[in-house]
Amino acid sequence: MRFYNDLFDDFFGDNFFEDRRNDFRMDISDEDKDYKILAQLPGIKKDEISLNLEKDILTVEVKLNKEENEEKDNFIHREIVKKDMKRSVKLENVDYENISATLNNGILEITVPKKVLDDKKKIEIQ
């Protein structure tokens, strides 16, 4: 479905599928010893973000502390949407014990180390 959204957005412009615009963007790189994930979360506070890893699926979830005291009648045009967001990514061979994350200037950086696989084993002959 993501591919089709991109095709329509190219033709109709970015506003065609509004739900896609409300996602946050992520870059995921597969390094030798770990995965590096960068997520753009401008204006999001640390206490509004939760990270979970279950069955090699990393989930980044944003639950906003919504303030409902805005006057909605004064808007001529509105694009800033305050809503909860969630993205998940499947990773392989994850070291669950040594994951780290930092939030700096609206960029969440997550480092997910890979398990060290011992692919050598000496076999004794009996």
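Let me begin with the hairpin of β6 and β7, in which two residues lie between the strands and Asn105 adopts a positive phi near 55 degrees. Please bear in mind that we are looking at a predicted model. Strand β6, residues 100-104, pairs with β7 in the antiparallel sense, over five bridges. Within that pairing, Asn104 has Ile107 of β7 as its bridge partner.

Strand β7 has a further partner. Strand β2, which covers residues 34-40, runs antiparallel to β7 and is joined to it by seven bridges. How enclosed is strand β7 by the rest of the structure? Of its seven residues, 107-113, five are buried, so the strand is largely enclosed.

I turn now to the charged side chains. In general, side chains of opposite charge can pair when their charged atoms come close. A search of the whole structure finds three salt bridges.

Asp30 pairs with Lys114, and their closest N and O atoms are 2.3 Å apart. This pair links distant parts of the chain, since Asp30 belongs to strand β1, residues 26-30, while Lys114 sits in the segment after β7, 84 residues apart. Are these two residues buried or exposed? Asp30 has a relative accessible area of 53%, which is over 50%, and therefore counts as exposed. Lys114, at 19%, falls under the 20% cut-off and so counts as buried.

Another salt bridge joins Asp34 to Lys36, with 3.7 Å between the closest N and O atoms. Asp34 is buried, at 15% relative accessibility, whereas Lys36 is partly exposed, at 29%.

There is also the salt bridge in which the side chains of Glu61 and Lys63 meet, at 3.6 Å from N to O. Glu61 is buried at 18% relative accessibility, and Lys63 is partly exposed at 48%.

As for Asn65, its C-alpha atom is separated from that of Glu48 by 7.1 Å, with the two residues 17 apart along the chain.

Note on methods:
Residues numbered from 1 in each chain as written. Predicted model: local features only at pLDDT ≥ 70, side-chain atom pairs only at ≥ 80, totals over all residues. Heavy atoms only, no water. Buried < 20%, exposed > 50% of the residue type's maximum accessible area, 1.4 Å probe, protein only. Helix = DSSP H or I, 4+ residues; strand = E, 2+ residues; numbered from the N terminus. Pairing = 2+ DSSP bridges. Salt bridge = Lys/Arg side-chain N within 4 Å of Asp/Glu carboxyl O.
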